[in-house]
Amino acid sequence: MMMQDERVEKDPHDAAARPRLEARRRAFLDAAAQSFLEKGYAGTTLDDVIARSGGSRQTLYQLFGGKQGLFEALVTERVRAIFGDFEGDELDGRPPEDVLPPLGVRFLTTITCPAALGMYRLVFAESAAMKEVGEAFWRAGPQALRRLLTGYFAGQVKRGTLRLTRPDYAASAFAGMLIGNLHTECVLGLRETPGPRRLRNA
């Protein structure tokens, strides 16, 4: 007799199977996040993830192709979740003095939260050996922020609010100013994560 998990594994395109497959994918990613943060990439085995998630090795391979694919999917998803709230539409038409200070505090609050710090540590530790991980992290996080800022600065130049020759350079400079010593110290565990009120004066 064929069990439900086996039907999911054998027919992933079946409409009835998709919710179960997505639930299994979610369980794998949550379990992987716990394992990778606790043990690192090298110390985590697929058996660890399977034991935590309750899934099967066959389904894990079907969804992610293996440990590296699982890690890359986790990094991409978590970084998008961390940076996904930053949208350009909410900035349009507002002057820099009303946009940049709260945006800076919001960004620092986001990247110094425990989940984000854990992801930074994981990516920095593994990206030298897995270039794709570093690239995925960069595209979904820092590059996305720079693109948002570039669009905002370019719009302000057109309105005559700012005088900038290269809005993209200004965006990189602003983002680089935010990701400075404070964030580095938090990543290294040299200081506790400051709250939004403290970040305004950081």
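**Charges, core and helices**

Q: Let's start with R25. Is it buried, exposed or partly exposed?
A: R25 is partly exposed, with a relative accessible area of 25%. Here buried means under 20% relative accessible area, exposed means over 50%, and partly exposed is in between, using a 1.4 Å probe and protein chains only.

Q: Where do these values come from?
A: This is a predicted model, where local features need pLDDT of at least 70 and side-chain atom pairs count only at pLDDT 80 or more, while totals for chains, interfaces and linings use all residues. Residues are numbered from 1 along each chain as its sequence is written, and side-chain values use heavy atoms, with hydrogens and water left out.

Q: Got it. How many helices and strands does the chain have?
A: The protein chain has 12 helices and zero strands. Both are DSSP runs numbered from the N terminus: helices are H or I with at least four residues, strands are E with at least two.

Q: And how much of the chain is buried?
A: Of the 202 residues in the protein chain, 41% are buried.

Q: Back to R25. What does E77 form with R25?
A: E77 and R25 form a salt bridge, with their closest N and O atoms 3.9 Å apart. (The rule is a side-chain nitrogen of Lys or Arg within 4 Å of a carboxyl oxygen of Asp or Glu.) E77 sits in helix α5 and R25 in helix α2 (residues 18–43), so by the numbering rule for helices this pair links distant parts of the chain, 52 residues apart.

Q: Why would side chains like that pair up at all?
A: Side chains of opposite charge can pair when their charged atoms come close.

Q: Which other residue has a side chain that meets E77 in a salt bridge?
A: That would be R26, at 2.7 Å from N to O. R26 is in helix α2 and E77 in helix α5, so this pair ties together parts that are 51 residues apart in sequence. R26 is partly exposed at 28% relative accessibility, and E77 is partly exposed at 21%.

Q: Which residues are linked in a network of salt bridges?
A: R25, R26, D30, E77 and R78 are linked that way. For the whole count, the rule gives 11 salt bridges.

Q: What about R52, what is its partner?
A: R52 forms a salt bridge with E38, and their closest N and O atoms are 2.5 Å apart. R52 lies in helix α3 (residues 46–53) and E38 in helix α2, 14 residues apart. R52 is partly exposed at 37%, whereas E38 is exposed at 56%.

Q: New topic: the inside. How many residues are in the largest nonpolar core?
A: The largest nonpolar core has 50 residues, and those with the most contacts inside it are L60, L70, F71, V75, L149 and F153. Helix α5 (residues 67–83) gives the largest share of this core, eight residues. A nonpolar core is a set of buried Ala, Val, Leu, Ile, Met, Phe, Trp, Tyr and Cys residues joined through side-chain atoms within 4.5 Å.

Q: What does V75 touch?
A: Leaving aside its neighbours within four places in sequence, V75 is in contact (heavy atoms within 4.5 Å) with M119, V123, V133 and F137.

Q: Now the helices. At what angle do α2 and α4 cross?
A: The axes of α2 and helix α4 (residues 57–64) cross at roughly 90 degrees and come within 11 Å. Axes are lines fitted to C-alpha atoms, for helices over the stretch in contact, and angles run from 0 to 180 degrees between N-to-C directions. L21, R24, R25, F28 and L29 in α2 meet T59, L60, Q62, L63 and F64 in α4.

Q: What does that angle count as?
A: α2 and α4 are therefore roughly perpendicular to each other. Under 35 degrees is roughly parallel, over 145 roughly antiparallel, 65 to 115 roughly perpendicular, and the rest oblique.

Q: And how do α3 and α4 cross?
A: The axes of α3 and α4 come within 10 Å and cross at roughly 110 degrees. L46, D47, V49 and I50 of α3 make the contact with R57, L60 and Y61 of α4.
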